[in-house]
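Welcome! Here is a short tour for anyone meeting this structure for the first time.

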Amino acid sequence: MILPIFAAAASHIRFEDLGLHPDVFSIGFFTLRWYSLAYIAGIVIGWWYLLKLLDQPGAPMARRHADDLVFYATLGIILGGRLGYVLFYAPDMLLHPLRVLRLWDGGMSFHGGVIGTSVAIILFARRNGLNWLRIHDYVACVVPFGLFFGRLANFVNGELWGKPTDVPWAIVFSRTVPAGVPEPARHPSQLYEAGLEGVALFALLSFFFWRTNARYQPGKLTGLFLLGYGVARFIVEFFREPDSQFAGTFFATTIHMGQLLCLPMIAGGLYLIVTAPGRRQRVEPIAGGTSVA
């Protein structure tokens, strides 16, 4: 099984032939990386789309709240994402606290980012006297933008690659095996995630926001996001190489850490969807105007 995969690798696309590089450009000591640009694009485009959603009847907050919300959410993403990575994937960093501050060392955890963003939204809502669950519904609709750009950046960086395969679209990534060992072609799992977590999840949430009354049932859109992301990530993990620090452990041979973290998301999403009709209420727009039943 393995030998044919290595043999077929010679006929597949090699990552270095794509001409991709982690850096967009460098000027003196300043370097702009695609990963940083992905974060910026996700936040800016997400903010723009959030304003579009807030223009619709029954919005849980006014447009004036959007700027403050973006600030809170950005802090939640960065702090939660980094702490989540440390706790879920590299707890040894806690023995060397300064390493936690080195964001380029290891990376970020999406699951941690979700927790951090949720905490930030709750704090923001309490401070402004708003319904935190309905704000979650609107924010859930914009998150796929960040997921899409983030996974594309992972691909450009040549990281988080998939398992060896001989499918026609497989790619031979660099530095995936020790020196002197032939490199296998692998699933471009980053692109699978960009398609499912970004494009497909955005389409799902857009349909329910614009074509149904889901936004008047607090928690339903949030539940759809949690369920959709959880299922998509759980599936893609079957094609993704397990994190190197878990090699030979339960999290590599039985269930990936990413899959384990998705289980509570799936359960929580199902709960929110099933119970959402019972939370349907008369929605009074924050910006004024007539109420929406």
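## A bend in a helix

Helix α7 bends by about 30° at leucine 201; the bend at a residue is the angle between axes fitted to the seven residues ending there and the seven starting there. Helices (H or I, at least four residues) and strands (E, at least two) are DSSP runs, numbered from the N terminus. This is a predicted model, in which local features need pLDDT of at least 70 and side-chain atom pairs count only at pLDDT 80 or more, while totals for chains, interfaces and linings use all residues. Residues are numbered from 1 along each chain as its sequence is written, and side-chain values use heavy atoms, with hydrogens and water left out.

With its 23 residues, α7 reaches 31 Å from first C-alpha to last, close to the 33 Å expected at 1.5 Å a residue (the expected span is 1.5 Å times one less than the number of residues). Buried residues of α7 include Glu193, Glu197, Leu201 and Leu205; buried means under 20% relative accessible area, exposed over 50%, partly exposed in between (1.4 Å probe, protein chains only). The buried residues of this helix pack against α2, α6 and α8.

## Charged partners

A salt bridge is a side-chain nitrogen of Lys or Arg within 4 Å of a carboxyl oxygen of Asp or Glu. Arginine 240 lies in the loop between α8 and α9, so the pair ties together parts that are 47 residues apart in sequence. Both arginine 240 and glutamate 193 are buried. Through shared partners, salt bridges join Arg151, Glu193, Glu197, Arg233, Glu237 and Arg240 into one network.

Arginine 186 and glutamate 241 meet in a salt bridge too (3.1 Å, N to O). Here arginine 186 counts as buried at 4% relative accessibility, whereas glutamate 241 is partly exposed at 30%. In total, the structure holds 11 salt bridges.

## The nonpolar core

The largest nonpolar core has 38 residues. Such a core is a set of buried Ala, Val, Leu, Ile, Met, Phe, Trp, Tyr and Cys residues joined through side-chain atoms within 4.5 Å. Helices α2, α3, α5, α6, α7, α8 and α10 each supply at least two of its residues, and α6 gives the most, with 8.

Leucine 69 is among the residues with the most contacts inside this core. Not counting residues up to four places away in sequence, leucine 69 touches Leu50, Met61, Ile121, Phe124, Ile135 and Val139, where contact means heavy atoms within 4.5 Å.
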